[in-house]
Amino acid sequence: MTERDIPESWHPTRGRKPDEMDGVYRSPQVGDTQAFGVPAPGAANSVNQQVITDSEGLPINPQDKVTHTTKKSFVKLPRWMRGWLGWALLLTLIPGSVGFVAMAMLLKLPAAPNCPAIFWPLASASVRIHCAQLAASKQTVDDLLVAIALVKQLPKDHPLRGEADRFLEEWSRDVLKLADQSFQAGNLEVAIATAKKIPQDLAAYKLVDEQIGKWQTIWDQAQGIYADAEEELRQQRWQSAFMVASKLLRVDNKYWASAKYDELNDIITASREDVDKLDKAQRLADSKVVDNLLEAIKLAESVGEKSYLYGKAQESIPAFGRKMLELAKAKMDARDADGALEIARQIPESTGLRTEVEDFMALADAQRNAWQGNVAGLQAAITQAQQIDPSRPNYDQAQQLISRWQLEIEDVSRLEKAQLLAGQGTVNDLTAAIAEAQMIPGNNPRGSEARENINRWQAQIETIEDRPYLERADQIALLDDVNSLQAAIAEASQIRRGRALYPEARRRIRTWVGKVQRIQDQPYLDQARELATRGDLPTAISVAQPIASSGRALSGEAQAAIDDWRSQLRATDNWNRAREVAAAGTPQALAEAIRLADQVSDKSLLRMDANIAIDQWGQQILDIARSQGGGDLSRAIEIARLVPRNSSAYSTAQEQIRMWQQLLNPAPQPQPESEQVVPSTIINGQ
């Protein structure tokens, strides 16, 4: 063992203060930072070396002995020692004192070695073992390594070598225990480094590699479980992640089984909650409502950095902000600049769209001024757009708008001039206004507005030009005869297609044509109705038929009259046939007669007669059935069923049928108890 293997604090003189060199021994205490006392200069380096003390028992330096004695020789003796009496007393006390001191020296225990002050190359094996035990008792890695270093240098043939090896084995295991504590606390590298501090030439070092391998295996297993759980988290398989994480509880490491398991469990729970947050945020964002989008952004911002969904949440924040910006742009497309700016102001900075939002607001405010539709507003818009720096993303858009607004200023000037001309209201002024507006190209910003004004002014010109024709036609048609109406039609027909009053002229012409047709066709329809009143329905139909098929004003009315007359003819025919069939008087003939009579229309005058006949013929069928009831009930039932439902005799016939059916199929009568059939099992005694 060399001097550098011993701690600095254990060197005899190095690092000591003068006031510490008092030569006093004191017992070393475990855990004390000054574990051992420091001897005075010249003190013995071995417990076997004699220590020189003074009369008070304090150690002195041998080099100082002469000086000390010499000083005493020059001291003047006291008065009481100059006589024989003093010397006698002194001679009496000296032996007793010597005996007392001798006895005290015999009974005095040997002082414990001052380990930090020992010169180790000359220290005995027992001193080394004693000091090593004191250091090892502190149970720290450094102290245990000091203890090992103190005793491992003993020769193999030393009598205390066996005890030393036992201590080395014990202290090496203590170092491994402390290293394992670091491992259990989650400090694998510290644990390995601590274990590797055990000297390799010790027999116990074989435990180091074994223990390190065990630690690394456990650590790799735990890391693998943690990684598998993380993968399940990334796939959002929460239940599976919980099951994988629970494997950490069976890992032989407190750090992974407690702290890391709790950490992973918290992450899984938080991630599960974060999924719900992002799902809700997405639903809110899909509603395309500003307040909902703001709430969606807040939910996404609440996802913590440790969450596995943090990246997804951070990606969704600018996406939600862009949706707000799209809503603002939609407002601008609808020419609602105030609404667009209000939405843009609410977009949070966390969306990362600050530059785009500022540019949008600048252009939106400029466009709002441009929409005023006058030169002053357009000039203000141009000034605002010119302030956008070329480095901004919307610089090109601003330049395009500036060019458009500059063209629009020219268009606005022409439109204002044209509108002033059109305000005069004459054909010439309107024509001049149209000519001025036509100078605005169709692809210019105000081209569509110019086209609208031109069309409106053109319609005003046409109305001024066509109104006299329509007014004259109205005056002519007031007489309301055929010639006047035809003349009015001719006058209104001068208004050409595609002009302003053309639709109104066509409506009036249709009205006048209808009147002419009514005047012309009404006599023929009246004649047909007269014939029908006299009962000559076929002739009436013949007279009205040309009117019905002409498509003229009275064609619908004539067709309705013809349909009514034909219905009357069919009713008469059915009524006549019904009476003819009923004359046969058989049940089948009467039933057929009822069917024919029922086809008479309810609007026909013959319907009342048909209803009376139906009731009579139904009663006749029932009477015939009853006449058969005395002999053939089945035949009677068959005939009674021919009575139709619309006959007044129907309910009576149905009642009669039920009575006859009961007679044909009587219900079984209950048998007396004495006549009941006894089961065969009872008869056989079973």
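This is a predicted model: local features need pLDDT of at least 70, side-chain atom pairs count only at pLDDT 80 or more; totals for chains, interfaces and linings use all residues.
**Stop 1: helices α7 and α8**

Select residues 206-234, which form helix α7, and residues 238-245, which form helix α8. Their axes come within 8 Å. They cross at roughly 170°. Angles over 145 degrees count as roughly antiparallel, so α7 is roughly antiparallel to α8.

Now show the side chains where the two helices touch. On α7, pick I225, D228, A229, E232 and L233. On α8, pick W238, S240, A241, V244 and A245. Colour them by class. The contact of α7 with α8 has 7 nonpolar, 1 polar and 2 charged residues.

**Stop 2: an aromatic pair**

How many aromatic pairs does the count come to? The count is 7. Zoom in on one of them, F183 and W215. The two rings are stacked. Their centres are 5.6 Å apart, with 20° between the planes.

Then zoom out and trace the chain. F183 sits in helix α5, residues 161-184. W215 belongs to helix α7, the helix from the previous stop.

**Stop 3: helices α15 and α16**

Next, select residues 395-422 for helix α15 and residues 427-437 for helix α16. The axes lie 7 Å apart, and the packing angle is about 170°. Which way does α15 run relative to α16, roughly parallel or roughly antiparallel? Roughly antiparallel, because of that angle.

Show the contact residues. From α15, take R414, K417, A418, L421 and A422. From α16, take D429, L430, A432, A433, E436 and A437. By class, the contact of α15 with α16 has 7 nonpolar and 4 charged residues, and no polar ones.

**Stop 4: the second largest pocket**

To find the centre, select M332, Q367, W371, Q397 and L401. Of the 22 lining residues, these lie nearest the centre. The space in the pocket is about 520 Å³.

Finish by colouring the lining by class. Look for 11 nonpolar, 3 polar and 8 charged residues.

Note on methods: Residues are numbered from 1 along each chain as its sequence is written. Side-chain values use heavy atoms; hydrogens and water are left out. Axes are lines fitted to C-alpha atoms, for helices over the stretch in contact, and angles run from 0 to 180 degrees between N-to-C directions. Helices (H or I, at least four residues) and strands (E, at least two) are DSSP runs, numbered from the N terminus. Angles under 35 degrees count as roughly parallel, over 145 as roughly antiparallel, 65 to 115 as roughly perpendicular and the rest as oblique. Contact means heavy atoms within 4.5 Å. Ala, Val, Leu, Ile, Met, Phe, Trp, Tyr, Cys and Pro count as nonpolar, Asp, Glu, Lys and Arg as charged, and the others, Gly among them, as polar. On a 1 Å grid over the protein atoms alone, a cavity is a set of points where a 1.4 Å probe fits but cannot get out, and a pocket is an open set with protein on both sides within 12 Å along at least five of seven lines; lining residues have an atom within 4 Å of a point. Grid points are joined across faces, edges and corners, and a volume is the space filled by probe spheres set on the points. Rings of Phe, Tyr and Trp (its six-membered ring) pair if their centres lie within 6.5 Å; planes under 30 degrees apart count as stacked, over 60 as edge-to-face and the rest as tilted.
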